[in-house]
2 protein chains.
Amino acid sequence: MKTFLDCIPCFVNQALRVGRIATDNEADIKLLLDRIGSKIKDIPMDHTPPEMGVIIYDEIRKITGIDDPYKTTKQENIAEALSLYPELSDLVRRSDNPLFTAIRIAIAGNVIDLGMDKAFNLVDDVKTILQQDFAICDLEAFEQKLETARSVVYLGDNAGESVFDKILIENLRKPVIYVVRGIPIINDVTEEDAIASGLDKVAEIISSGTPAPATILHLCNDAFLKRFYAADMIISKGQGNYEGLSETDRPVFFLLKAKCPIIARDLGVNEDDIVLKYSLK
Amino acid sequence: MKTFLDCIPCFVNQALRVGRIATDNEADIKLLLDRIGSKIKDIPMDHTPPEMGVIIYDEIRKITGIDDPYKTTKQENIAEALSLYPELSDLVRRSDNPLFTAIRIAIAGNVIDLGMDKAFNLVDDVKTILQQDFAICDLEAFEQKLETARSVVYLGDNAGESVFDKILIENLRKPVIYVVRGIPIINDVTEEDAIASGLDKVAEIISSGTPAPATILHLCNDAFLKRFYAADMIISKGQGNYEGLSETDRPVFFLLKAKCPIIARDLGVNEDDIVLKYSLK
């Protein structure tokens, strides 16, 4: 997905939000905003929006020396999600269509997104999403693809959400490669977060190598790209991965909650809708 | 009021909003955002936020050649307010405290603010504000000051709101100097708008000369400043005038609805509260 004009104020807003998480030094935050403001003119509008995230975090690191501003928050989100894991696993087991319920739960976990200026309440949001109608629901294609897939490449999104991904992965009943970001960015899941979420028990964890809060193929490492292009089924979680891969010709299933109005518009759905979209239609 | 870090993303957002009103040429809007972004580093944080409005509108004029992007909208807002004028005047006449009701109506008009990213419904908002409790209500000081004032300097804010100002002015029963902006900016009231609102029938209309969406004294003309410093009672409408004058030692009564969270915090009230605040306490 390309960058829209609406993304530009949002970049500045994100820089302010993460600046405040990284430091309480006002002058440093102002310097961050100065630098991000000056870079607006260099944004190629045909790049994807998460590529600006790379620039924002690079400046955060340069100015504050802090690599992972959301480290503690990510640990708290993983702990909260783990506390819900037994109950949600049980719910899946008891449901009429365990796979579909597990998909809903994986999407519910997508509310844990600190890149958005939206508060979330994990327990309440999970309850809502378990009842919510899908705006796009390519479940049949998902089931068919899964049946014949030798393995699944699963692109993780946020830490905490990763625990909910584990529930879906357990219900895929296929070998899974779980893909994490190359370095900490926003609250996106890294290898350390994936292990803390218990994903090493159910999947092979690999890094895409991306420094972006998204799977931006030209920023990914060769090892990941080899797996990505060889995969016969890809599950992509969240908005960032959608932004990076919406134009791909690979067999990707996008699972997300459309929290941003621009992404919602690109998908042809309303804000806050939930989506299971197959890219090849 | 000084500029806060939170104002910075808001400036970029305002630039996008007004850019889209002025033109549908995406490249021109991007150029506007490029230039506003590059100027973030030059913002002195001890300047008031509306001073950035001057820069944004200056760039709009340079890029698009359009001086008054909200001209048509201002005319529509004045027409809608004029259609409510007879009913609201009647309401004031029949009320127990006509002056206080007229103050409420003047504040209700302050919802017509196109500098804010908030929709408004004039009829509904007036109804709400007529019933709403004041977060700050220096009515007694207002009544006392009015009793002894030889004349009143009344700082207008938005076009349309200006019709509601007329109702208050009619109930002040003192000679009034109604002050408008020097040039069109956002939907702020200009001399032309004030005349279209019928204010020439009830007040002397003068321009402060400010190119800002606010009364920024160092940007005002001498003729206005003479009246401002000689005034024994000043009524200041809206957020912009508050931002410009919150530190003044002149006897100013601020009448506004706190639509911006940062201004609300500066006033010590909640967002969407209504305020009648005397600056000298």
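The model is a predicted one, in which local features need pLDDT of at least 70 and side-chain atom pairs count only at pLDDT 80 or more, while totals for chains, interfaces and linings use all residues. Residues are numbered from 1 along each chain as its sequence is written, and chains are lettered from A and ligands numbered from 1 in the order in which they are written.

Chain B contributes 16 residues and chain A contributes 17 residues. On the side of chain B that touches chain A, helix 1 (7-22) and helix 2 (26-39) of chain B each supply at least two residues, and helix 2 of chain B gives the most, with seven residues. Helices here are DSSP runs (H or I, at least four residues), as are strands (E, at least two), and both are numbered from the N terminus. Coloured by class, this side of chain B shows nine nonpolar, three polar and four charged residues; Ala, Val, Leu, Ile, Met, Phe, Trp, Tyr, Cys and Pro count as nonpolar, Asp, Glu, Lys and Arg as charged, and the others, Gly among them, as polar. Because 100% of the interface residues of chain B are also interface residues in chain A, the copies meet through the same surface.

Stay with helix 1 of chain B, which has 16 residues and reaches 22 Å from its first C-alpha to its last, close to the 22 Å expected at 1.5 Å a residue; the expected span is 1.5 Å times one less than the number of residues. This helix is mostly covered, with 12 of its 16 residues buried. A residue is buried if 20 or more other C-beta atoms lie within 10 Å of its own, exposed if 12 or fewer, and partly exposed in between, with C-beta atoms placed from the backbone. Among the buried residues of helix 1 of chain B are B:Cys7, B:Phe11, B:Gln14 and B:Val18. The buried residues of this helix pack against helix 1 and helix 2 of chain A, together with helix 2, helix 3 (50-64) and helix 12 of chain B.

Move to helix 4 (residues 71-94) of chain B, whose 24 residues reach 35 Å from first C-alpha to last, close to the 34 Å expected at 1.5 Å a residue. A kink of about 45° lies at B:Tyr85, shortly before the proline B:Pro86, the bend at a residue being the angle between axes fitted to the seven residues ending there and the seven starting there. Show the side chains of B:Lys74, B:Asn77, B:Ile78, B:Ala81, B:Leu84, B:Leu88 and B:Val92, which are buried in this helix. The buried residues of helix 4 of chain B pack against helix 5 (98-108), helix 6 (122-131), helix 8 (161-172) and helix 9 (191-196) of chain B. B:Ala79, also in helix 4 of chain B, counts as exposed, with 12 C-beta neighbours inside 10 Å. The C-alpha atoms of B:Ala79 and B:Ala196 are separated by 8.8 Å, although the two are 117 residues apart along the chain.

Then select B:Gly268 in the loop between helix 12 (261-267) and strand 7 (274-278) of chain B. B:Gly268 is exposed, with 12 other C-beta atoms within 10 Å, and its C-alpha atom lies 9.1 Å from that of B:Ile136, 132 residues apart along the chain.

Turn to chain A for its domains, where an automatic or database domain assignment gives domain 1 (7-64) and domain 2 (73-278). Taken over C-alpha atoms, their centres are 26 Å apart. The contact takes 11 residues from domain 1 of chain A and 13 residues from domain 2 of chain A.

Finish at two loop residues of chain A. A:Arg173 has a positive phi of about 55° although it is not a glycine, and this residue sits in the loop between helix 8 (161-172) and strand 3 (176-180) of chain A. A:Ile186 likewise has a positive phi, of about 45°, without being a glycine, and lies in the loop between strand 3 and helix 9 (191-196) of chain A. A:Arg173 is exposed, with 10 other C-beta atoms within 10 Å, whereas A:Ile186 is buried, with 28.

Conventions. Contact = placed C-beta atoms within 7 Å.
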